[in-house]
Amino acid sequence: MKKLVLFALKLGVSVAILVYLVYQAHANEVFPDLIAREKDWGLIAAACVAYVAALAITFVRWWYLVRALGIPLSLHESFRLGFLGFLFNLAPMGIVGGDLLKAVMLGRHFPEHRAESLVTVFVDRVIGLYVLFLVATVAIFATGVWRLEVASVQIACQAVWLFTAVGTVAVLVPLGPDFTQGRSTELLGRIPYAGRPLKKMILAVRTYRTQIPVLLGSGLATVAVHALLVLVLYWLCAGLYASHPTLGTHFVVGPVSSATAIIPVSLGPFEFVLDALYAAIPLPDGGYMARGQGFVVALGYRVITVVIAAIGWFYYLGSRREVAEVMHDATAESSPNGVL
């Protein structure tokens, strides 16, 4: 019952935001205007290529983190699991998430590293989110957007700074020395049922303390990922609208909008924030984008992700039985009594 209520709440929030954005787009005649406009299909195609490149780097980054823990995963297999995870992250809410699917599939391939498998996915996601906030923070100061006296922009900037500060502490603490000399880990390891896998996960996370070059390399790769995703939005926006924000502005609106990934709702927050920021930040000619145009750009961004996710669908067709078994295992592992 609890899961059903949570699913309904997530769905309701997503639908409400999307209905509002569609209403705004129609009220400003954004859709008829878009149809009448001449589009630059070359830039839109470039946006698709940039997204594929960014996604490929994330797969290599995860493979790099997996190998650092001594798990002999091949690069080809990391791409297979990566595309499957990407597909399931786009699947309807309520289904097993792509990150958990990747972790469980990796654990099935290497049973002696099941706890470490979950840690690699967790660390990969943490690096992605943390660097996202860092890129947004640097862009906010570099472009001077924080000086705009617009409520939505001020709130977005302050939220990014807060999460960057909290994220910095959260990243540095696990990498610091263990002042309890391992006693806290041993104590957690005695917790009934969950203690043993929890202890293995903590030890796996601490293994990365001796892999600082790996973490730094993953961080630099993530900067490239977010830069490419900014280009995706910029080229998509430029391909749809002749008058559009600068590339520097996109280094703010892109990461800030993408940071809504921390909200457990599949659709809505990204589109809402992107549309609000587009309408609040001045264009080079002094004008502003109309409300609803940001929603159209976000919709195009979503279409690109769905098209690329089709690659994961082909991988899924070739391993349906394995995925079905993994989904059953993942459901058990995500339950309170699940054991890694």
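K102 sits over the ring face of W62, 4.3 Å from the ring centre. This is a predicted model.

**Overall fold**

The protein chain is helical: 14 helices and zero strands. The chain has 340 residues, and 44% of them are buried. Its accessible surface comes to about 17100 Å², with 70% belonging to carbon and sulfur atoms. Take the contacts between residues at least 6 apart in sequence: 72% of them join residues at least 24 apart.

**Aromatic pairs**

The structure holds 11 aromatic pairs. One of them joins Y51 and F86. The arrangement is tilted, with 6.2 Å centre to centre and 50 degrees between the planes. This pair links distant parts of the chain, since Y51 is in helix 3 and F86 is in helix 4 (residues 75–89), 35 residues apart. Y51 and F86 also belong to one aromatic cluster with F270 and Y301.

Are Y51 and F86 buried or exposed? Y51 counts as buried because its relative accessibility is 8%, under the 20% cut-off. F86 is buried too, at 11%.

| Residue | Relative accessibility | Class |
|---|---|---|
| Y51 | 8% | buried |
| F86 | 11% | buried |

**Around R67**

R67 is placed in helix 3 (residues 41–68). Which residues does R67 contact, leaving aside neighbours within four places in sequence? They are P72 and L73. T120 is 53 residues from R67 along the chain, and their C-alpha atoms are separated by 9.4 Å.

Notes: Residues numbered from 1 in each chain as written. Predicted model: local features only at pLDDT ≥ 70, side-chain atom pairs only at ≥ 80, totals over all residues. Heavy atoms only, no water. Helix = DSSP H or I, 4+ residues; strand = E, 2+ residues; numbered from the N terminus. Buried < 20%, exposed > 50% of the residue type's maximum accessible area, 1.4 Å probe, protein only. Contact = heavy atoms within 4.5 Å. Areas by Shrake-Rupley, 256 points an atom, 1.4 Å probe, with all protein chains shown as cover. Phe/Tyr/Trp six-rings, centres within 6.5 Å; stacked < 30°, edge-to-face > 60°. Lys NZ or Arg CZ within 6 Å of the ring centre and 35° of its normal.
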